[in-house]
Amino acid sequence: MNAKRMKPLLTNSRSSLLFSSQQQQEAWFKAIHKKAAYQGMIDEIRDEANRLQREPLLDMPFSAFIRFRDHGSRLEYEKSYFKKRRRLTTFALMALIEPDQPHYLEQLQDTIWSICNEYTWCLPAHLMNSPEMDTTSQRIANQSAYTIDLFAAETAFTLSEVYQLTKNRLDPLIQTRILAEVDRRVLLPFLSERSYEWETATHNWAAVCAGSIGCAAMHILKENEALATLLERVLCTLDCYLSGFNDDGVCQEGYHYWQYGFGYYTYFADLLKVKTKGAIDLFQSEKVHQIALFPQKCFLFEKKIANFSDALPVATIFMGLIHYLHNRYQDVEVPEARLRASYTEDHCSRFAPALRNLLWLDENISGQRWQNNSFYLKDSQWFISRKAPYAFACKGGHNDEPHNHNDVGHFILQAEGEAFLKDVGSGMYSDDYFGKERYTFLCNGSHGHSVPIINHQYQSAGKEQFATITNAEIGKTCDRLEMELQNAYQLESLQWLKRSFTWKKASEPGLTLVDQYQFTDDPKLITERFIAPNLPITTTDSSIILEGKHRLQIRYDQQLLEWTVKKHRFINHFGEEESVQVFDFTVREPKRCFDVLFAFDFLH
């Protein structure tokens, strides 16, 4: 759709896109005080507001701003940045929920003023070689050049939406600052001839940046011709975003990036539908439908997920988002209420999801526990099976996926949410983490996953390193997945590596793993590696038992294999040190052709 065709579809209404009138908005926020479904969320927001009022509003120091440039460290600046966004979101929500309390509005206006005074709305990690870091005369001559990253776009969206919802109470000077800064920093740069790399991205950046800009524009742009031009460009970017998904709807970046990227796709699609009076509905797509179904497939037990790629092992649900999607697609499952994300769980403190967790909550929907089910998502080569309280997940794929880990053939085994064979998940983001050193990190390299090490070689990065699925069966009592892994290793002598998983879904489930090797020459060293948490270990003549709330017995051929276990430390996503146990089973006398079998059985 081009701008000329878009323009007639846009309504000229100056009212909020979230409420039909100011009176309806005020009545809605007043009404939720009396509804039990909202009280937990309101209490969490109010408690956070009370805490924040006891803390001073601080600017981000220059020393923190340049720390990434000079040392590659992100945490120092981002901690201050997101603390201020927490104030913005919290006091904006409280000004709406309790409009008779003037101190919330005062805190909100102070925070908005401070954000409008920031040098940049971007994170330093996204500013390398940008106009903002240019110290030459060129920057002085081109002061209108602004970088738009995820967080600049989000800030523009937040401020424009807060403006729409509170402009009847905001000081006129604050209103003017919001409109001027959103226009200067985001809308005008985007409407210029400059293009941004994320406009053709096939991952969360495309949805978050373009969706946020589109939402901000719909909230505050008065000229429909400019708005139509902008929205047409946004829609092109969202097409790129959707092209990054396979038809099975898997978010290969991980569930948290589904919640992030697809969340912003949804926020934009909803506002666009209102703005065009239903003429443009981005949910009339089977691919979008399948993407909406992803959460109910990737959760393993309660809050534990199949956390492949840069995902955390524990996740919660934005109930507003999932209720909205359920009301669009009836087969979107709504989980039990205790999986709801608390207000403070989003460490970036984003306003759009926080507001919609209130607005989109449907008090008439009651959730249920995740249902026992098995899924083979063939396009992305993910296999996930829930047999509560047990769960198994594995993946094929390739080693050039979004937020890629070298993990072709990797798997997860859990009982009652406790991992016995685990995925480490995402590490602490830094310059090196997204640079040449990425696969030296335990979180990202194949040495940190439950896959073989062959002749001292790990899997390599790249789309040419891939799995081929040769058989996938889902049965009533047993599931089976077979894959060829030789292409995941750059070893000419490796002719054949077939990995097969057999998952028995009995009352006490078990997993059988068989790796079949064939070489042109005698291999030097074969190590079967498994990543486990720090659980107590007991041993027998032919097995190892991991002792947790449940017990997992690992049976193996003692004549064929000898094993060692070591602790490996890593820095997690939040900058904290963790460790895992790495079990290495080494083939005593590897031959040109041999099989290795492991049985993982849960014991009474």
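Author: A cavity here is a set of points, on a 1 Å grid over the protein atoms alone, where a 1.4 Å probe fits but cannot get out; lining residues have an atom within 4 Å of a point. Two elements give two or more residues to this lining: helix H6 (75-97) and helix H9 (150-166). H6 has the largest share, with five residues. Helices are DSSP runs of H or I with at least four residues, strands are runs of E with at least two, and both are numbered from the N terminus.

By type, the lining of the second largest cavity splits into seven nonpolar, four polar and three charged residues. For that count, Ala, Val, Leu, Ile, Met, Phe, Trp, Tyr, Cys and Pro are nonpolar, Asp, Glu, Lys and Arg are charged, and the others, Gly among them, are polar. The volume of this cavity is about 90 Å³, a volume being the space filled by probe spheres set on the grid points, which are joined across faces, edges and corners.

A word on the model itself: it is predicted, so local features need pLDDT of at least 70 and side-chain atom pairs count only at pLDDT 80 or more, while totals for chains, interfaces and linings use all residues. Residues are numbered from 1 along each chain as its sequence is written, and side-chain values use heavy atoms, with hydrogens and water left out.

Now for the other cavities. Helix H3 (36-53) and helix H17 (351-359) each supply at least two residues of its lining, and H17 gives the most, four residues. In the lining of the largest cavity you'll find ten nonpolar, four polar and four charged residues.

Next, have a look at helix H13, residues 255-275. Its 21 residues reach 29 Å from the first C-alpha to the last, close to the 30 Å expected at 1.5 Å a residue (the expected span is 1.5 Å times one less than the number of residues). H13 is mostly covered, with 18 of its 21 residues buried, meaning under 20% relative accessible area with a 1.4 Å probe and protein chains only. After H13 comes Lys277, which has a positive phi, near 50°.

Then there are the sheets. Four strands make an open, antiparallel one in the order E9-E15-E20-E19; two strands pair if DSSP finds at least two bridges between them. E9 (452-454) and E19 (561-571) are at the edges with a single partner strand each, so one side of each has no neighbour in the sheet. E9 is joined to E15 (residues 526-532) by three bridges, running antiparallel, and Pro452 has Glu528 in E15 as its bridge partner.

Eight strands form another open antiparallel sheet, ordered E11-E12-E13-E14-E21-E18-E17-E16. Its edges are E11 (468-474) and E16 (537-539), each with a single partner strand, so one side of each is left without a neighbour in the sheet. Within it, E12 (residues 478-484) and E13 (residues 494-504) pair in the antiparallel sense over seven bridges. Glu484 has Lys498 in E13 as its bridge partner.

Note on methods. On a 1 Å grid over the protein atoms alone, a cavity is a set of points where a 1.4 Å probe fits but cannot get out, and a pocket is an open set with protein on both sides within 12 Å along at least five of seven lines; lining residues have an atom within 4 Å of a point. Buried means under 20% relative accessible area, exposed over 50%, partly exposed in between (1.4 Å probe, protein chains only).
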